[in-house]
Structure formats: C-alpha cells, structure tokens
Amino acid sequence: MVYYVSKGIFTRREKAIIVETGRVAKIDVGKAIIEIEKGTACAKCHAGCACDLGKNTMVVEANDPLGVHVDQFVQLSIPNESALRASFVVYVVPLLALIIGTLVGEYLGTRLGIKNVFEILVGFGGLGLSLLFVRYYNNVFKQNLKNQPIITKVYDNWQLTGDN
C-alpha cells in the first residue's frame, strides 16, 4: 500500500500503478519539477519513446507534500485509477469515434448515393472531434489533484547506493 501525505497526515490510497525515482530539478509552491531517467517504466511502455524522442530523461511536474529540495532524489507515484482512465480516453475513445463515424458515414452515404466518400469524411470527422474531446478532457483531468503525480518518498544517499 502506498501512503500519501496530505497536510502532514498520512492517508491510505489505492496502490500506485506507476512508481518512479527521479531527481528534483526545480521547486515551485507545492510542486516540484522532477527529472526521471528513461529506462524502468519506459522499457515496459508500448509507445516506444514517442513521448520524448532522443532524450534520456523526462520532466514531470509533481505535487510536493513533503517539502523536497533541489537535487534530492524522490519517489513519484501515480494512482492506478487515474492512469487507467487516462489510457482509456487517449487510446479507446478516438478508436471508437473513428469506427462509429465510419459506420454512420456508411449509413448516410448509402442514403445519399456517395457511400465511400461519406465513410471516409464522417469517420475522420468523428476522429477529429474525439481528439478535441481528448484535449479538453486532458485540461480537466490534470486539474484534479488525485490525477497528478505525487512525491511519496525522499531518498537519502545511502538508500540509492544500496549501502545499509
């Protein structure tokens, strides 16, 4: 179980699906910019480094309830439910919109006598609308505190080297 700090009190939450270690690069009020080396979670990702081509590190903004400092190493966690919901919206919604748009285009095209053209146009129209929805949803999604990465642990130097 992963514990989160909320106003100095530990609260239990659903186990995180993504847990990464990174270095604090910059601090804002209640937030920290974390540099994460690609390799651990990225090696399991099916996107194949589509997020930052040619870079060895990713930059993530995370909530900082622990009061970290620049150059400290920290653990980030993203709740399971948030990652699954975001994945569904990004991958499944556009695919469904393309399929439904194509089927609607086929129906309308048959009625109007221009079947193939309408299938393509309405299918891509549905895809375009779904991408606008994904963009809107992203703006709403990232505003919700429970969907944002959070710093769950600050490492000491001996914890990173493995010396106990």
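A crossing of two helices is left-handed if the near helix is turned anticlockwise from the far one by less than a right angle, and right-handed if clockwise. In this model, helix 2 and helix 3 cross in the right-handed way. The model is predicted, so local features need pLDDT of at least 70, side-chain atom pairs count only at pLDDT 80 or more, and totals for chains, interfaces and linings use all residues. Residues are numbered from 1 along each chain as its sequence is written, and side-chain values use heavy atoms, with hydrogens and water left out.

Start with the two helices. Helices (H or I, at least four residues) and strands (E, at least two) are DSSP runs, numbered from the N terminus. Helix 2 covers residues 80-112 and helix 3 covers residues 115-143. They pack at an angle of about 155°, with axes 6 Å apart. That makes the pair roughly antiparallel (under 35 degrees is roughly parallel, over 145 roughly antiparallel, 65 to 115 roughly perpendicular, the rest oblique). Axes are lines fitted to C-alpha atoms, for helices over the stretch in contact, and angles run from 0 to 180 degrees between N-to-C directions. The contact of helix 2 with helix 3 has 19 nonpolar, 9 polar and 4 charged residues. Here Ala, Val, Leu, Ile, Met, Phe, Trp, Tyr, Cys and Pro count as nonpolar, Asp, Glu, Lys and Arg as charged, and the others, Gly among them, as polar.

Now turn to the salt bridges. A salt bridge is a side-chain nitrogen of Lys or Arg within 4 Å of a carboxyl oxygen of Asp or Glu. The count is 3.

Take Arg-23 in strand 3 (residues 16-28). Arg-23 forms a salt bridge with Glu-35, the closest N and O atoms being 2.7 Å apart. Glu-35 lies in strand 4 (residues 31-37), so the bridge ties together parts 12 residues apart in sequence. Arg-23 also meets Asp-71 in a salt bridge, at 2.4 Å from N to O. Asp-71 sits in the loop between strand 5 (57-63) and strand 6 (73-79), so this pair ties together parts 48 residues apart in sequence.

Arg-23 is partly exposed at 25%, and Asp-71 is partly exposed at 49%.

Arg-85 and Glu-81 meet at 2.3 Å, N to O. They are 4 residues apart, about one turn of the helix. Arg-85 is partly exposed at 26%, and Glu-81 is partly exposed at 38%. Elsewhere, shared partners join Arg-23, Glu-35 and Asp-71 into one network of salt bridges.

Conventions. Buried means under 20% relative accessible area, exposed over 50%, partly exposed in between (1.4 Å probe, protein chains only).
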